[in-house]
Structures are given as structure tokens and as C-alpha cells.
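Let's take a walk through this structure together, from the overall fold down to individual side chains.

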Amino acid sequence: MSFNTHLKQTWIQKNRWVKLSKLMPWEKLEEIYSRNFDKKHGRYAKSGRLVIGALILKHKYGYSDVEILEQIKENIYIQYFLGLYQFPEGSGI
């Protein structure tokens, strides 16, 4: 798995977000998340990993909705944790 960033940073495997991302049962969580959507009306707009991961961060740190978006935009390790392997400038997440 690669992460395309203009910084060309090598991931530090001891980083807490890299470690936690490897421990999370993302496929199972995505399966549970997807049950909340009607399959007749297409796929949901945001990935389960992004939504669930952002909620984990939001509640762990008590971030507001605005602050969690800022944290995601500014921290490439959090982007990695959330499965954002490409994060274009100006993204609306």
C-alpha cells in the first residue's frame, strides 16, 4: 500500500496512527457501516473507514466538526489512518 503525497515521506512504522491503522478491522467495520445504506440508491458518498475513523478521532480528542476536518487536512499520519492514500489540495474530504 502506498500513500501519494507531495512530501514523499517514508512512513515511520512506530507512529501511533500507522500502528493503529494496522490493528483496526477496517473491512469488518466497512461491512457494518454499509448495512445502513439502501443498495438500490447507489454507494454511500464517503468510505466507512473515513467516517468511522473520523468519529474515533473526534470523540477521543473532543474535537468539534470543524476541528476534526482541520486535523485531517493538516496531519498526513491521520490521513493514512483514515485510508486517504491520495489527498488532493483543496479536497472537501
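What follows moves from the chain as a whole to its salt bridges.

Before we start, keep in mind that this is a predicted model. The secondary structure is quick to describe: the chain has five helices and zero strands. If you trace the chain along its sequence, you will read the pattern α-α-α-α-α.

Next, consider how the chain packs. Among contacts with a separation of 6 or more, 55% are between residues 24 or more positions apart. Of the 93 residues in the chain, 37% are buried. The accessible surface of the chain amounts to about 6,600 Å², and carbon and sulfur atoms contribute 55% of that surface.

Now let's turn to charged side chains. Side chains of opposite charge can pair when their charged atoms come close.

Begin in helix 2, which spans residues 26-34. Here Lys28 and Glu31 form a salt bridge, with 3.6 Å between the closest N and O atoms. The two residues are three positions apart in the helix, about one turn. Are these partners buried, exposed or something in between? Glu31 has a relative accessibility of 39%, so it counts as partly exposed. Lys28 has a relative accessible area of 44% and is therefore partly exposed as well.

Asp65 has a relative accessibility of 51%, and the cut-off for exposed is over 50%, so Asp65 counts as exposed.

Helix 4 covers residues 65-74 and holds another pair, Glu70 and Lys73. Their salt bridge has its closest N and O atoms 3.9 Å apart, and a salt bridge requires a separation within 4 Å. Why are Glu70 and Lys73 separated by about one helical turn? Because they lie three residues apart in helix 4, about one helical turn lies between them. Lys73 is partly exposed, at 42% relative accessibility. Glu70 is also partly exposed, with a relative accessibility of 29%.

Together with Arg35, they form one network, joined by salt bridges that share partners.

Technical notes:
Residues are numbered from 1 along each chain as its sequence is written. This is a predicted model: local features need pLDDT of at least 70, side-chain atom pairs count only at pLDDT 80 or more; totals for chains, interfaces and linings use all residues. Side-chain values use heavy atoms; hydrogens and water are left out. Helices (H or I, at least four residues) and strands (E, at least two) are DSSP runs, numbered from the N terminus. Buried means under 20% relative accessible area, exposed over 50%, partly exposed in between (1.4 Å probe, protein chains only). Contact means heavy atoms within 4.5 Å. Accessible areas come from the Shrake-Rupley method with a 1.4 Å probe; for residues, only the protein chains shown count as cover. A salt bridge is a side-chain nitrogen of Lys or Arg within 4 Å of a carboxyl oxygen of Asp or Glu.
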